[in-house]
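Q: I would like to go through this structure with you. Could we look at it together?

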Amino acid sequence: MSPIAYTATIIAAVVVLFVWNRLPVVVVAMATATALWATGVLTIDQALGGFGDPAVIFIASLFIVSAGLDVTGVTAWAGQLLIRGAGEESRARLLLLTMSMVALLTALISVNGAVAALLPVVVVIAVRLKRNSAQLLLPLVFSAHAGSKLALTGSPVNVLVSNAGSDAGVGSFGFFEFALVGLPLLAGTMAIIIVFGNRLLPERNGATMPADFSRHAKTLVEQYGLASGVYQMRVRASSLFIGKPASAIELATYPDLQIVAVQEGETASPLRRAVIAEGDHLLLRGDAESAAAFAADKHLAFSESAAPGQGEETLFNRSSGLAEVVIPPRSGLIGQNVFPGMVTESGDLIVLAVQRAGAEVVATNATRDAGGIVLQAGDTMLLQGTWKALDHRLKDPDVLVVNSPELVRRQAVPMGPGARQAVAILIAMVVLLATGITPPAVAGLLAAGAIVLSGIMSVEQSYRAIDWTTVILVGAMMPLSTAMVETGAAKLMAEHLVSLVGDAGPIALLAGLFVLTAIMGQLISNTATALIVIPIGVAAAITMGISPRPVLMSTAVAAAAAFLTPIATPTNLMVMGPGGYAFGDYWKLGLPLMLWFFVVAVFIVPMIWRF
């Protein structure tokens with residue numbers, strides 16, 4: 001067989017395997033690269049060269065930047081703005097705000113990241129406003145697809161077509177150049193959804209709904225009896241406690257008060273210094289009048305960050321949070337003694353309360369002096385500490401975490417620790433990309449490195465943030481594009497496509513490429529589709545003697561038109577359960593949207609980027 005025949009056979013097998021969907025996509029992708037080497041179509045360096053491609057590095061770095069915005073609560077802040085601005089009456093305003101926000105987020109952090117961040121927010125809005133989630137979730141996803149064409153960072157496909165333009169000698173696309181086509185796509189998508197969405201989408205809710213942690217703190221403090229009577233007091237410069245150890249705090253004359261913890265002022269973690277300093281905090285529980293008298297007597301000030309006595313705001317804020325853990329059978333903690341106010345062995349978590357069979361243990365021995373509470377299997381403990389301490393210490397196999405502190409923080413703590421740094425890093429990356437001072441891969445690596453060095457995420461968290469399926473898919477499938485060019489397969493397919501459209505001209509070429517890309521994009525990954533179609537489009541443009549730029553941009557638009565099936569993109573599938581959608585619900589709204597994308601790709605794109 002000739003190299004062209006081998007390449008065509010491999011392409012056919014790849015499409016069949018993707019559609020069959022029985023093998024993981026990364027297995028198919030890696031098998032593709034291996035097959036190109038085994039058949040002699042490419043050398044080993046060419047077959048594995050995609051993993052070192054700058055586009056792959058840039059895509060991987062974007063996942064880290066996206067996760068940095070998420071874990072610091074920037075997306076939670078955006079969600080709260082959405083809830084406040086949506087109101088309760090106007091369906092059109094709710095949809096308009098939802099679609100605008102997800103499109104903006106998508107442009108900066110990609111489709112998957114934006115939809116994953118706003119999905120629970122939109123579900124909560126549906127519940128609070130008594131609206132069907134099916135009426136909101138597909139508009140969320142479909143407008144994200146449109147928003148992916150607002151900037152270079154909106155989709156891996158954008159990076160691929162920009163690099164293809166550079167490789168073809170016609171120049172890469174600018175960071176905001178995609179917005180020239182993205183804005184009409186988004187405007188048309190919004191108009192179609194607002195006008196026709198109510199009739200084309202089902203009136204139902206999903207059987208599986210994401211958990212809502214927006215009121216998690218209130219739930220915990222109420223369940224453990226801490227909703228009121230918890231006070232955080234700051235040590236003033238004139239306080240007698242300065243320079244003394246925490247054990248010197250005496251409450252004998254205030255029997256209605258209990259010392260919970262002494263916290264460092266800078267970190268809000270349990271005090272590790274030998275003595276108390278100005279700005280440290282005392283966490284007390286008890287009677288309001290006694291607390292006020294104690295504060296006046298000892299020269300303490302109630303914390304300004306929370307209303308006095310409000311446990312929810314005092315214990316759960318930007319600096320520190322709460323976590324509920326269960327003692328499992330065979331845990332090493334069974335039989336150990338704990339008491340409210342106890343600092344754990346690690347020195348950075350505080351035991352606030354213990355419950356057994358759903359009731360707080362308030363026996364007389366539940367104090368340090370009386371020996372504390374002997375833990376049993378099934379007991380639950382409420383722990384308090386900094387968010388970093390909760391993330392690191394609760395991996396202990398001796399406890400089971402009821403709700404991940406990381407997931408809770410993302411929803412319930414808008415603009416949390418590191419949020420300003422994350423926003424600054426994002427802005428710096430956008431400036432580098434928009435001005436072209438550095439290549440995209442360098443800008444992405446600098447931003448990802450800054451996320452780690454600033455302490456927003458650890459190296460391990462960064463590894464977990466990367467969607468390795470997408471990275472491996474792109475890296476392993478890139479050699480297929482190389483093979484199509486090297487063997488002449490792309491040129492041959494392009495010549496057939498050009499002969500098929502005949503004398504109809506470049507507009508017919510765009511229409512043919514759109515249909516090919518859109519059909520394949522409903523069955524396999526739109527990234528994989530773009531990798532197959534891009535070299536065909538470039539070769540066809542060269543054969544016809546026209547610029548590849550409109551062809552590439554049209555292909556990018558067609559790849560985003562993944563509306564007709566739930567398997568077209570991960571985000572389409574992501575909302576299927578929460579929205580209660582059936583397979584046929586997608587094409588009812590997706591078909592008019594695809595027609596609009598066709599109009600933009602075939603008729604508007606060549607008006608902006610001339611042939």
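Q: Which ring does the charged end of Arg 549 sit over?
A: The charged end of Arg 549 lies over the ring of Phe 173, 4.4 Å from its centre. A charge sits over a ring if NZ of Lys or CZ of Arg is within 6 Å of the ring centre and within 35 degrees of the ring normal.

Q: Before we go on, what kind of model is this?
A: It is a predicted model, in which local features need pLDDT of at least 70, side-chain atom pairs count only at pLDDT 80 or more, and totals for chains, interfaces and linings use all residues. Residues are numbered from 1 along each chain as its sequence is written, and side-chain values use heavy atoms, with hydrogens and water left out.

Q: How many aromatic pairs does the structure hold?
A: There are 11 aromatic pairs. Rings of Phe, Tyr and Trp (its six-membered ring) pair if their centres lie within 6.5 Å; planes under 30 degrees apart count as stacked, over 60 as edge-to-face and the rest as tilted. Phe 241 and Phe 294 form a tilted pair, 6.2 Å centre to centre with 35° between the planes.

Q: Is Phe 294 buried or exposed?
A: Phe 294 is buried, with a relative accessible area of 0%. Buried means under 20% relative accessible area, exposed over 50%, and partly exposed in between (1.4 Å probe, protein chains only).

Q: And Trp 37, what does that count as?
A: Trp 37 counts as partly exposed, at 46% relative accessibility.
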